[in-house]
Amino acid sequence: MARFPFSAIVGQDEMKQALLIAAVDPSLGGVMVFGDRGTGKSTAARALARLLPPITAIENCPYGCSKEDQARYSDVCGTGPLRKRPVPFVDMPLGATEDRVIGSLDLERALRSGEKAFEPGLLAKAHRGFLYIDEINLLEDHLVDLLLDVAASGENVVEREGLSVRHPARFVLIGSGNPEEGELRPQLLDRFGLSVEVRTPAEIETRIAIMRAVAQQERDPDGFEAEWAGEDDKILKQIARGKAKLPKLTPGDDLLEDAAKLCLAVGADGLRGELTLMRAARALAALKGAKSVRREHLIAIAPSALRHRLRRDVLDETGSAARITRAIEEQFG
Amino acid sequence: MTTPASSDPLEDASLAASLFASAPSLFGGVVLRGASPARDALVAELQRVFAQFEKPLRRLPGHVDDDRLLGGIDIATSLATRRTVRSTGVIEECEGGALIVPMAERVEPGTAGRLAQALDEGGSAPALILLDDAHEADDAPPQSLLERCAFHCELGASRLWQVATLRSFGNLDEVAALDDAALEALAATAQALGVASVRPLIFAGSAARAHAALEGRSTVIDTDLAAAVRLVLAPRATRMPPMEEPPEEEQSEPPPPPESETTPDDPGEQQSPGDAPLEEMLVEAAKAAIPADLLAALAQGAAPRRVTGGGTGKRRKSGLRGKPLGARQGMPTGGKRLALIDTLRAAVPWQAVRRKEANAGDDTPILMRKEDLRVRRFEDKAARVTIFAVDASGSAAAARLAEAKGAVELMLAQAYVTRSEVALVAFRGDCAELLLPPTRSLTRARRALSELPGGGGTPLAMGLDAVRECADAVQSKGRTPSLVVLTDGRANIGRDGQPGRKQAGEDAMASAAAIARAGYDGIVIDISARAGPEGRNLAEAMGARFLALPRGDARAIAGAVETLQPGREAA
């Protein structure tokens, strides 16, 4: 089935912006999307993967290693010339077994030839790409455990079934879920760089626009894709430019101070919030092609970067977003 | 780059890491609490230092199995080469080095036991770097491992993200052993801090000498002892040091009245007056190093964090997911996975006999029979579901419904942290209803609660029946229910919906007995203004614990339920 073009997605600007930022700076730590079903979460995440410039990887390498990876993981990585391949996008189903996720002993080869071979799992496939987990809040605990470990360390260590394998697994984690159906473990939530809340659009015009776009895409997927190819191409170039620009941007001291003040004002725990806020502001500036990182970038990205880091108060009904907006107003007028 | 605060937790942690990296097996391990950029940097630096010293350092994944941990016969290779090939385990492979244990609070007790055993055997067993990501007090790495790691560092609050190069010392033998005065001072300090175990004391002694070695001294001086106390003893404190005048910049509250057990200790310690200044100095050093949250908890007389069953329910076996258990005989059908190694292991002893039977030569591949097949089993923790039954009748509601709501909300927050689920039953007037089926959602629970009206009669029997039905449903799904009933126990509506105190009371007792027969864990909280005998009788009939809270507030109820948590298993 043809995928829906990213640029054709109507509305949901905060989510789209967060996804683009995560694409510009994959080290930010991914995006968590909170919201109801049918708000375009999966569509946007899948569409994004196709928008990214292809990666160069060792041919035949089951992990899609880059040259640098190959030096570190020479024991597991294949050999061969470098070839371009599309950015991997892995959809992890909720009911996935541990074997499937981390990889397991290749039974067939073991039985046939007594050979102990590792069959890579979903984590291997997602290396250098995206790992998308819909309804991540319903994911089983032991899977969350191993995801946390791999997301933190950037490599997957398998020590079971007589296997001892270590392979790189760095991916942008994209999770989505509805908080009404279950909460996310705080440890996992903390791993996400950005989080956004999406709602079903309430305006009649937007809803009509969505219905129109979807109908058009269903009728003539190829034509629809061709129609939006120009727009998608623009975004692709924007991401590529942003990626190139990113290392050249250094936030100034006054901005660091702003970030620290804001985090203090909203009561975001730990240093991770500040660092993420800074880096997200930098990625946004790079994406927008700005010459320097400015306060406006910081303010624009603050809700996404901090929303999920506020200390939880059960008795406080005010939403996190409102608390952040209030703090921004108090701090910066 | 912001200027670092003068006493960032990372500084002491780096010092601990320096000592640890120079002599991993001497110190057993280091616990790094709190995910933070500082910790990531420190772990990276440790990795660099270990690589530089050519000591092995590996990550130990949580799903490691025994074969890979301890080593065993490598069946596949053994069969292929026709001789016994032993495979080494991670513990053996990392001798002289260390293992990084990520998410140490989630380590299986079995794995923890094997690691602890390896450490106890001494020699060159790998030391441990425990990364503890626990977010709440009830969650902590296994005590067996914490005890065997010399250094405990709290890095969650660190404001730094870069770490200085770790230093190292040469030969510890060049440092003289601790003299009696130093030993006495350490022992007295440990006692003052309520550190009962001797192991930390031994670690402290080694740490003092290592610190001296690091500074290039051949004898241990006060600074070294202070560092040892700060790094090893202070994080393990279980009580406030019985000394006057807490430092002003910390808690402004006065020190708590010394616990009865500490007072008799003091005269004993002060018999050797020569040591008093040194001990005082050490206790002072310790006090400054006790983490703020621990200090606050200690000041309230609360016990430090402990490991308990937390939010998980009974364990159940599963063929599909969970932590790996041993294998058992069976067909790999229905999604069950073949346990290859165990299958081969089962088949190997019969090969000679089967070959003879089948008249097969030596070159035939291994002869398998159906009974050799082994499938893998996993242990799946059943989620715990706490079912709240709230009496919203006029008699109970008038004064207490708001408090009960507040308590339920607080317990919900707790439940979300411990990953258990919550259900809510309310009874009033002539009906009981399941307001909230088992859920993890705070948002929904809060809404259901705020919409809960009060007033009307007390159909206690109906409420208890609804709770039991909900518990049955929960159990049939393989989860473990526990019941919390908030009521005044004064039933006045019978099971048939007719008013009448006598009949209602009998019905309620019958319903309570049914719960007792089902064997569900529970607690009855009497929320009437003046507790009568009804609540206690009800609890007895239900086989549940009883708690009267005539003047409680939300937090008191939540606190009480937490300590009396039903469903907390002895195992």
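**Chain B overview**

I started with the contact pattern: in chain B, 79% of the contacts with a separation of 6 or more are between residues 24 or more positions apart. A contact here means that two C-beta atoms, placed from the backbone, lie within 7 Å. This is a predicted model, where local features need pLDDT of at least 70, side-chain atom pairs count only at pLDDT 80 or more, and totals for chains, interfaces and linings use all residues. My numbering runs from 1 along each chain as its sequence is written, with chains lettered from A and ligands numbered from 1 in the order in which they are written.

I noted ipTM 0.70 and pTM 0.67 for the model. For chain B I have a mean pLDDT (the predictor's confidence in each residue, from 0 to 100) of 75, with 74% of its residues at 70 or more. I flagged residues 1-6 of chain B, where pLDDT stays under 50 and the model has four contacts beyond four places in sequence. I also flagged residues 564-571 of chain B, again with pLDDT under 50, and there the model has 16 such contacts beyond four places in sequence.

I counted 22 helices and 15 strands in chain B; these are DSSP runs numbered from the N terminus, helices being H or I with at least four residues and strands E with at least two. Of the 571 residues in chain B, 48% are buried. The burial rule counts other C-beta atoms within 10 Å of a residue's own, all placed from the backbone: 20 or more is buried, 12 or fewer exposed, in between partly exposed.

**Helix pair in chain B**

I looked up α9 (residues 180-192) and α10 (residues 199-214) of chain B, which pack at about 135 degrees with axes 10 Å apart. Axes are lines fitted to C-alpha atoms, for helices over the stretch in contact, and angles run from 0 to 180 degrees between N-to-C directions. α9(B) and α10(B) are therefore oblique to each other; under 35 degrees would be roughly parallel, over 145 roughly antiparallel, 65 to 115 roughly perpendicular, and the rest is oblique. On the α9(B) side I have B:Leu186, B:Ala187 and B:Ala190, facing B:Pro200, B:Leu201, B:Ala204 and B:Gly205 of α10(B). By class, that contact has six nonpolar, one polar and no charged residues (nonpolar is Ala, Val, Leu, Ile, Met, Phe, Trp, Tyr, Cys and Pro; charged is Asp, Glu, Lys and Arg; the others, Gly among them, are polar).

**Helix pair in chain A**

Next I checked α11 (residues 253-266) and α14 (residues 320-332) of chain A, which pack at about 130 degrees with axes 9 Å apart. That makes α11(A) oblique to α14(A). The residues in this contact include A:Leu262 and A:Ala265 of α11(A), and A:Ile324 and A:Ala327 of α14(A). The contact divides into six nonpolar, one polar and three charged residues.

**Two residues in chain A**

Is A:Ile133 buried or exposed? I get buried, because 26 other C-beta atoms lie within 10 Å. A:Ile133 sits in strand β7 (residues 130-134), and its C-alpha is 4.9 Å from that of A:Gly175, 42 residues away along the chain. Beyond four places in sequence, A:Ile133 is in contact with A:Met92, A:Leu139 and A:Gly175.

I found A:Ser27 in the loop between α1 (13-24) and β1 (31-35) of chain A. A:Ser27 counts as partly exposed, with 13 C-beta neighbours inside 10 Å. A:Ser27 and A:Gly193 are 166 residues apart in sequence, yet 8.6 Å apart in space, C-alpha to C-alpha.
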